[in-house]
Amino acid sequence: MKLLFKSIAVILFSFITIQAQENQTPTFGKGLFNLVGKDSTYTMKIGARMQFLATSNWEDGASNQSNFLVRRARLKFDGFVFSPKLKYKLQLGLSNRDMSGASEYTSNAPRYILDAAIKWNFHKNFELWFGQAKLPGNREAVISSGNLQQVDRSMLNSAFSLDRDLGIQLRHHFYLSENFVIKEAFAISKGDGRNVTSENLGGFQYTGRLEFLPFGNFSNNGEYTGGDLKREATPKLALGVSYDFNNKAVKTRSNQGSFMINENGNFHETNISTLYLDAMLKYQGISFMVEYADRTADEVFYTNEDGKTSYVNIGSALNLQSGYLFKNNWEVSARYTNVDWDKVLAKANQRQYTLGISKYIVGHKLKLQTDISHLEVANGNNELLYRLQFEVHF
């Protein structure tokens, strides 16, 4: 751990002192440094961001629980090498929650690496990705955690997200008419989640996504940014559908969740399918997002190492979220989420209602967000959650 932080400090200090390669000092929110090689055969933008979170939770019949933590602390490096058509992205997570999840399958090492990918624009609008990156799953997961409309993502995302994996991705877009844009993405990955260093534990994972933008592109990729901070002058709409098939999956939530080890000490393998439908609408400070997820599995139940019955998390979820950004950059937002687990699991369904307020000081780069949520648990204890979060993003 100490060696990692020392290495990062040395790298950052080196970048500061290499004045001959420093193109300019960027404005706040545009990175710490923007570097250009002497022969212009590479560039590198270095960024950092932090999220400081305070929470207070009240559960029926229990005492209040409060907490303070560094929710996220990350370093990001991106640019191109040799040609602007060959881009890269490296993102490191340094908070405890970013690094958690070490196991024998990650060589018992903390999971520092979030993204490590090369993106090659090899022909016209075709781009090929190599490495570890987010899969083209549900919209909310692809929106950066630094660009969220509320303090954090919804329960739909935590229960059904694909997040990151190692593999290759092919991306393409074309214009059906002057404004109508269609974007396609296809990925083949290991299916075991990020930072797994062991051999492929099950089969491979296949993910495909189609996205339709009938009124043209959003300002500054706004279809993957929370809130309408650009105050779109004309209505912008994005409709998306994704399908994921994880062949011989070995985790309870496709490539997420915990590993499924059966009573014989072997992996429980099953085919898991996930369907996503989503939409994003923005116009003059008004934003609306809807998402639906549905997951099924061939073999849901298995007997784990302790001789108990365990299962794959199958079911469906719906998330509705809307907000309005005032001209003084205060935003009010509301969200409704329900998670309905498949009846065979006998697992409690949940409903959550969230009201949020955000102050964008410098867009998503410097903001203060707070929200309050009421969680209803079927045949269980309801909960009230209050959160306050400050973010700074260089």
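Predicted model: local features only at pLDDT ≥ 70, side-chain atom pairs only at ≥ 80, totals over all residues.
Me: In which sense do strand 4 and strand 5 pair, and over how many bridges?
Reply: Strand 4 pairs with strand 5 (residues 83-93) in the antiparallel sense, over 8 bridges. The hairpin of these two strands has 1 residue between them, and F82 takes a positive phi near 70°.

Me: Which bridges join strand 3 to strand 4, and in what sense?
Reply: Strand 3 (residues 43-59) and strand 4 (residues 65-81) are antiparallel and pair over 13 bridges. I46 has F77 in strand 4 as its bridge partner. This hairpin has 5 residues between the strands, and in it G61 takes a positive phi near 80°.

Me: How do the side chains of a regular strand alternate?
Reply: In a regular strand, side chains alternate between the two faces of the sheet.

Me: Let us turn to aromatic rings. What describes a pair of them?
Reply: The distance of the centres and the angle of the planes describe such a pair. In the whole structure, a search finds 10 aromatic pairs. One of them is formed by F28 and F394, with 5.6 Å centre to centre and 85° between the planes. The pair is edge-to-face, because planes over 60 degrees apart count as such.

Me: Where in the chain do F28 and F394 lie?
Reply: F28 is in the loop between strand 1 (22-24) and strand 2 (33-36), whereas F394 is in the segment after strand 22 (383-393). The pair thus links distant parts of the chain, 366 residues apart.

Me: What kind of aromatic pair do W120 and F122 form?
Reply: W120 and F122 form a tilted pair, with 5.5 Å centre to centre and 50° between the planes. W120 is partly exposed, with a relative accessible area of 41%, and F122 counts as partly exposed at 38%.

Me: Which residue lies over the face of F259, and at what distance from the ring centre?
Reply: K251 lies over that face, at 4.7 Å from the ring centre. F259 also belongs to one aromatic cluster with Y105 and F267.

Me: Over which ring does the charged end of R139 sit?
Reply: The charged end of R139 sits over the ring of Y224, 5.0 Å from its centre. The side chain of R139 also meets that of E211 in a salt bridge (2.9 Å, N to O). This pair links distant parts of the chain, with R139 in helix 3 (residues 139-142) and E211 in strand 10 (residues 205-213), 72 residues apart. Both residues, R139 and E211, are buried.

Me: With which other residue does E211 form a salt bridge?
Reply: The side chains of E211 and R209 meet in a salt bridge of 3.9 Å, N to O. R209 and E211 are both buried.

Me: What salt bridge does E140 form, and is E140 buried or exposed?
Reply: E140 and R335 meet through their side chains in a salt bridge (3.8 Å, N to O). E140 lies in helix 3 and R335 in strand 19 (residues 330-341), 195 residues apart. E140 counts as buried because its relative accessibility is 3%, and R335 is buried with a relative accessible area of 4%.

Me: How many salt bridges are there?
Reply: The count comes to 15 salt bridges. K89, D115, D163 and R164 are linked in a network of salt bridges.

Note on methods
Residues numbered from 1 in each chain as written. Heavy atoms only, no water. Pairing = 2+ DSSP bridges. Helix = DSSP H or I, 4+ residues; strand = E, 2+ residues; numbered from the N terminus. Phe/Tyr/Trp six-rings, centres within 6.5 Å; stacked < 30°, edge-to-face > 60°. Buried < 20%, exposed > 50% of the residue type's maximum accessible area, 1.4 Å probe, protein only. Lys NZ or Arg CZ within 6 Å of the ring centre and 35° of its normal. Salt bridge = Lys/Arg side-chain N within 4 Å of Asp/Glu carboxyl O.
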